[in-house]
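Colleague: Before I use this model, I would like to go through the words you apply to it and hear which value stands behind each one.
Modeller: Then let us look at it together, and ask as we go.

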Amino acid sequence: MSTFHLVDHPLIQHKLTIMRSVNTSSKDFRELLNEISMLMGYEITRELPLRDCEIETPICRTTQKKISGKKLAIVPILRAGLGMVDGLMKLVPVARVGHIGLYRDPQTHMPVTYYCKMPPDIDKRFVIMVDPMLATGGSMSDAIAKVKEKGCKHIVAMCLVAAPEGVARVQKEHPDVDIYSAALDEKLNENAYIVPGLGDAGDRIFGTK
Ligand code: PRP
Ligand code: URA
């Protein structure tokens, strides 16, 4: 079974509360999402393996640590996942970025794929899937399956707000994928929106409503 990590640092909770408010502008929403993504990335990259490396300081030779092994790929689920990329890229500027275009059919709530473009060596990378909203879990689960088709073995999912239904679905369909979220909300409503949630993340990021 995968682990659900609640990344609830006080700074993250404070910023998320502002994002949830209906009175927050698209500009502020985007900036806060960017900031939270960076703070969450700090936690997600905590387990990156290190290797010894010898360097010379102005004083002496010394053995210190550098990140070793697998390189990173960030895979946003379009559109809303795009809002989480820059924050992570600030931490790991050499990360590669793959894109998965998915939208949720408004009637069936089933994900529909319209785009997929991955770095050629994605199978050798540690993959962070990003999407602010984990509602039914259909979009994240399908996106993870697409990345696994490319041969990826080490994948985590990062979101901002999760519903229990979405967490359960991803854990059932991808027991090898840990989930990181800034909040675990109460439930889904009759339109499969997260309650209390923050509304439609894509619309709030891009000002499309
Ligand atoms: C939203 C969100 C997720 C999905 C979550 O995207 O960004 O991708 O819904 O719902 P699920 O867990 O029930 O699948 P949306 O379909 O609104 O597309 P958009 O990002 O282009 O607005
Ligand atoms: N997609 C969103 O953007 N918000 C929700 O609450 C559910 C799905």
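Colleague: Where does Lys15 lie, and why is Lys15 called buried?
Modeller: Lys15 lies in helix α1, residues 10-20, where helices (H or I, at least four residues) and strands (E, at least two) are DSSP runs numbered from the N terminus. Buried means under 20% relative accessible area, exposed over 50% and partly exposed in between, with a 1.4 Å probe and protein chains only; Lys15 has 16% relative accessibility and therefore counts as buried. Leaving aside neighbours within four places in sequence, Lys15 is in contact (heavy atoms within 4.5 Å) with Leu32, Glu35, Ile36 and Leu39.

Colleague: What should I keep in mind about the numbering and the origin of these values?
Modeller: This is a predicted model, in which local features need pLDDT of at least 70 and side-chain atom pairs count only at pLDDT 80 or more, whereas totals for chains, interfaces and linings use all residues. Residues are numbered from 1 along each chain as its sequence is written, chains are lettered from A and ligands numbered from 1 in the order in which they are written, and side-chain values use heavy atoms, with hydrogens and water left out.

Colleague: How do you know that the buried residues of α5 are on the same side of the helix?
Modeller: In α5, residues 164-173, the buried residues are Gly166, Val167, Val170 and Gln171. They cover an arc of only 125 degrees around the axis, which puts them on the same side of α5; the arc is that of the directions from the helix axis to the C-beta atoms. The buried residues of α5 pack against β1 (4-6), β9 (133-134), α4 (138-149), β10 (155-162) and β11 (178-184).

Colleague: And what makes Val177 buried?
Modeller: Val177, in the loop between α5 and β11, has a relative accessible area of 0% and is therefore buried. Not counting residues up to four places away in sequence, Val177 touches Ser2, Ile144, Lys148, Ile155, Val156 and Ala157.

Colleague: What makes the phi of Ala192 worth a remark, and is Ala192 buried or exposed?
Modeller: Phi of Ala192 is near 60 degrees, a positive value in a residue other than glycine. Most residues other than glycine have a negative phi, and most peptide bonds are trans. Ala192 is found in the loop between β12 (187-188) and β13, and with a relative accessible area of 7% Ala192 is buried. His109, in the loop between β6 (99-104) and β7 (111-117), has a positive phi as well, near 65 degrees.

Colleague: Which peptide bonds are called cis, and on what value?
Modeller: A cis peptide bond joins Leu78 and Arg79, with omega about 0 degrees, and the bond from Val195 to Pro196 is cis with omega near 0 degrees.

Colleague: How do you know that the charged end of Arg104 sits over the ring of Tyr193?
Modeller: The term requires NZ of Lys or CZ of Arg within 6 Å of the ring centre and within 35 degrees of the ring normal; the charged end of Arg104 sits over the ring of Tyr193, 5.4 Å from its centre.

Colleague: Why does the radius of gyration agree with a compact globule?
Modeller: The radius is taken over C-alpha atoms, and the globule rule is 2.2 Å times the number of residues to the power 0.38. With 209 residues a compact globule would have a radius near 17 Å, and the protein chain has 18 Å, which agrees.
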